[in-house]
Amino acid sequence: LVLVAMFRLLSAHRVGGIDRAGFRVLGGSREDGLAHIAHALEVIAPLLLVVATLATLVALVRHRAWLPAIVVIAGPPLCLLLAHLAKAHERRPRPHGSLVFAGGYSFPSTDSAVAVTALAVGIAGAHLVDGRRARAVLVALGALATLAAGLLFVALRVHYLSDVIAGWALGVAVFSACALAATAASAAFTAPAGRAGRGRAAWPRR
């Protein structure tokens, strides 16, 4: 719903205030040093996300939690595909005065959509640990990483705030759809075996 609303607002040219407010609060400049560390962040942040994703996938496979693993694997490429299709449809130019080079169209933010992977990894990992506090910490870390990535793109002026919000919405929608599909598939394939007393839960229960 948020993604559809952002498309409608953008088409009606009513998001200028949101974008100006985003740059006013978060926008960096070449004088504040953000541009100097941007290139390092562009390398380190995706690498950390890949490492966290692979570690979570290994843990899921070890616990034979196949469907959550499939969700974590399927989400990022679907986010990339749908974001690029949306960009080709909307064709919104990049903001002026970006601190780093960024090609292509601006809306929605592909990187913000893919960054939702961090939240998905946190939620998947929370199923594998004991204790509410540990679960809450994992989910919170994933949410903070997703939030920080999107806001960084606004600070670097490579995306409008509306681009980032739409990217987040797209990412959440994709991973939610994958999780719902996995849950439905799990119920469909395990229900007969479960009635016979031989079923195994596809989602880990802690």
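Begin by selecting Ala45, Pro46, Leu49, Ala115 and Ala149, which lie nearest the centre of the largest pocket, among the 38 residues that line it. A pocket here is an open set of points, on a 1 Å grid over the protein atoms alone, where a 1.4 Å probe fits, with protein on both sides within 12 Å along at least five of seven lines; lining residues have an atom within 4 Å of a point. The model is predicted: local features need pLDDT of at least 70 and side-chain atom pairs count only at pLDDT 80 or more, while totals for chains, interfaces and linings use all residues. Residues are numbered from 1 along each chain as its sequence is written, and side-chain values use heavy atoms, with hydrogens and water left out.

The volume of this largest pocket is about 930 Å³, taken as the space filled by probe spheres set on grid points joined across faces, edges and corners. Next, colour α3 (34-62), α4, α5 and α6 (132-155), each of which supplies at least two residues of its lining. The lining comprises 25 nonpolar, nine polar and four charged residues. Ala, Val, Leu, Ile, Met, Phe, Trp, Tyr, Cys and Pro count as nonpolar, Asp, Glu, Lys and Arg as charged, and the others, Gly among them, as polar.

Select α5 itself. Of its 17 residues, 14 are buried, so the helix is largely enclosed by the rest of the structure; buried means under 20% relative accessible area, exposed over 50%, and partly exposed in between (1.4 Å probe, protein chains only).

The next stop is the one salt bridge of the structure, where the side chains of Arg92 and Asp163 meet at 2.8 Å, N to O. The term requires a side-chain nitrogen of Lys or Arg within 4 Å of a carboxyl oxygen of Asp or Glu. Arg92 lies in the loop between α4 (66-90) and α5 (110-126) and Asp163 in helix α7 (residues 161-195), so the pair ties together parts 71 residues apart in sequence. Both Arg92 and Asp163 are buried.

Finally, display the whole chain, which has seven helices and zero strands; these are DSSP runs numbered from the N terminus (helices H or I, at least four residues; strands E, at least two).
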